[in-house]
Amino acid sequence: MQTNDRLIVGLMKAVDDGYAQLPDFQRGWVWDDNRIKALIASITNGYPVGAAMFLEYGNENIRFKYRVIEGSPAKNVVPSELILDGQQRLTSIFSALYNKNPVNTRTDKGKEIKRFYYIDIEKAINPDVDRVEAIVSVPETRISTSIFGREINLDLSTPEKEYEKKMFPLNIILDTPKTFLWQQEYLKYHNNTVINEYMEFQAKIIMPVIQYTMPVILLSKNTPKEAVCQVFENVNTGGVSLTVFELVTAIFAMDDFELRKDWEERQKKYFDGDLLSVITATDFLTACTLLSTYKKGGTVSCKKKDVLNLSLEEYKKYADDLSAGFVEAEKLLEAERIFSSKDLPYTTQFIPLAVLCTLLADDNKIKETNIKNKIKQWYWCGVFGEMYGGANETRYVYDVVGVMEWIIDDNKVPRTVQESYFNPLRLLGLQSRLSAAYKGIMALVLKNHCQDFISGTEMDFAVYKAENIDIHHIFPRAYCEKQKYDKALWNSVVNKTPISYSTNREIGGVAPSVYLSKIESKGKADGADIDMYIGTHWIDVTCCRNDDFHGHIISRAKMLLAAIEKATGKSISGKDSDEVIKNYGDSLA
């Protein structure tokens, strides 16, 4: 890597000739009219506008598809450098100070417009005038109007009118011969009466712009792809972030494969369900890399550098099977009563799950009960062990390799199953649906074939969607606050369950004994049926009928812990610890 200052004249010439181009993953130019004027003001003042970052082009290691900066006339030119950072500034400078065509920009409200930029000579040399006030933009007609075009505010449609208004066209400022010719005609127009004024303008504005330099950091063409990706992420924090997908798209484009189009079509065909809608293009590439490296044997990996080295041949070979694997994973999660993306414990765990489903698709092994049970156990260990909250590429590998070995040999238990641990006190920490374990517990309640308190309808997928099922308090919040119960208890997952919108309205904010009696008195359901329905939620009916909040919390905590043990296949220790007794008021053993 090397850094040096370059004249913007030379930079613009390189852009114009096509020797400096953009990698195809770069987003379009988006700067608005006011921002361009501010940039011009900074340059004419000699203020720094930040460094640009270029990448030497020409190594087979980095074969990105490239394109010229907007407005460049270059065609069929192989660039010597790619612009990684500085696109917006360089495009603005090229369009406003070099290119002879109007600048395609937009208003601050987003309306697309075309503009030419001028600098007011008198204002530019006046030290009392803010430089940005001297920068003027006019429509492509070079006539600025108001009152819906009926009144002309500024007419610069001919050179003579430019001379008259003392407006210098900025798109010739870096072209010395054209600037000299304009100067000659300008002085002649004013009979040389403005020669001193113009000489001051030339000294203060034109010459400094011609001599203006911009720091350029040049990355060697031997820079690894993952380093280019990381650099771009670091420098692009204020703009549209680059993903691994953007880089792979540019790499595949060199072989005339439109990865973005392929992904968009794949989304429509396979990923239109609510659960699968959370899967991003980068997630899919990560999963494809994980699958590909596993299939090849040897070292399995799916870190950023591995994804960037995924070949087009490998992508084409595995993409369809993997898409079907994601669909199979979605079905498995729905069978576990995870119905919507907002209730999905971890988006990230979808990646190894889909790869496992793809690998086990041969001979329909994923349908075999013993194999499916191991997949489910691993999944719930990941959820309740809360294993997928951080950087996960290494865990993906451990789990895919480990689960596949476990399927063959019962003694080779995968790391996630071994390491999974659930503390009984964690139940009280689950106060909102943001937690993976919270979502997992609600799925287990649904999986217990829980029924609506009033209708007795089982909350399956169709009912969940149609009846607007959500998570609500069993002992209502208003009632608990009135009784001054400990919020750590009443607002925890222990006191919550899936309830339909209509049933929750019937419950209101009163004691359980009151709302249960109200449901009965209205003839919506008889007592025995209601008791049975409530029991499907692992709720102690007697405690509810007697408004025994403490008994309810202890009973339900025990049942939730038992459900977690069953799902993970692991016993939970510490149910009768001093801390548990202190926080719950009793043992959970």
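In strand E5, the bridge partner of Ala 20 is Glu 81, and Gln 21 stands opposite Leu 82 in that strand. These pairs belong to strand E2 (residues 20-23) and strand E5 (residues 81-85), which pair in the parallel sense over two bridges; strands are counted as paired if DSSP finds at least two bridges between them. The model is a predicted one, in which local features need pLDDT of at least 70 and side-chain atom pairs count only at pLDDT 80 or more, while totals for chains, interfaces and linings use all residues. Residues are numbered from 1 along each chain as its sequence is written, and side-chain values use heavy atoms, with hydrogens and water left out. The helices (H or I, at least four residues) and strands (E, at least two) are DSSP runs, numbered from the N terminus.

E2 also pairs with E4, to which two bridges join it, and here the two strands run antiparallel; Leu 22 has Arg 67 in E4 as its bridge partner. In general, strands of a sheet pair through backbone hydrogen bonds, either parallel or antiparallel. The open sheet to which these strands belong is formed by six strands in the order E1-E12-E3-E5-E2-E4, with mixed pairing. Strand E1 (2-7) and strand E4 (66-67) stand at the edges with a single partner strand each, so one side of each is left without a neighbour in the sheet.

Two helices lie across this sheet. Helix H1 (residues 8-17) lies across E1, E2, strand E3 (52-56) and strand E12 (213-219), and runs at about 95 degrees to E1. Helix H3 (residues 87-97) lies across E2, E3, E4, E5 and E12, running at about 115 degrees to E5. For these angles, axes are lines fitted to C-alpha atoms, for helices over the stretch in contact, and the angles run from 0 to 180 degrees between N-to-C directions; contact means heavy atoms within 4.5 Å.

The axes of helix H14 (residues 312-335) and helix H15 (residues 350-359) come within 7 Å and cross at roughly 110 degrees, which makes H14 roughly perpendicular to H15, a term for angles of 65 to 115 degrees. The residues of their contact divide into nine nonpolar, two polar and three charged, where Ala, Val, Leu, Ile, Met, Phe, Trp, Tyr, Cys and Pro count as nonpolar, Asp, Glu, Lys and Arg as charged, and the others, Gly among them, as polar.

H16 (residues 369-384) and helix H17 (residues 393-408) pack at an angle of about 145 degrees, with their axes 10 Å apart. The contact is made by Ile 371, Lys 374, Ile 375, Gln 377 and Trp 378 of H16 and by Asp 399, Val 403, Trp 406 and Ile 407 of H17, and its residues divide into six nonpolar, one polar and two charged.

A search of the whole structure finds 33 aromatic pairs, counted where rings of Phe, Tyr and Trp (its six-membered ring) have centres within 6.5 Å. The rings of Trp 380 and Phe 384 have their centres 5.6 Å apart and their planes at 25 degrees, so this pair is stacked, the word for planes under 30 degrees apart, as against edge-to-face over 60 and tilted for the rest. Being four residues apart in H16, Trp 380 and Phe 384 are separated by about one helical turn.

Finally, the axes of helix H20 (residues 436-447) and helix H28 (residues 549-568) come within 10 Å and cross at roughly 90 degrees, and the two helices are therefore roughly perpendicular to each other.

Conventions: Angles under 35 degrees count as roughly parallel, over 145 as roughly antiparallel, 65 to 115 as roughly perpendicular and the rest as oblique.
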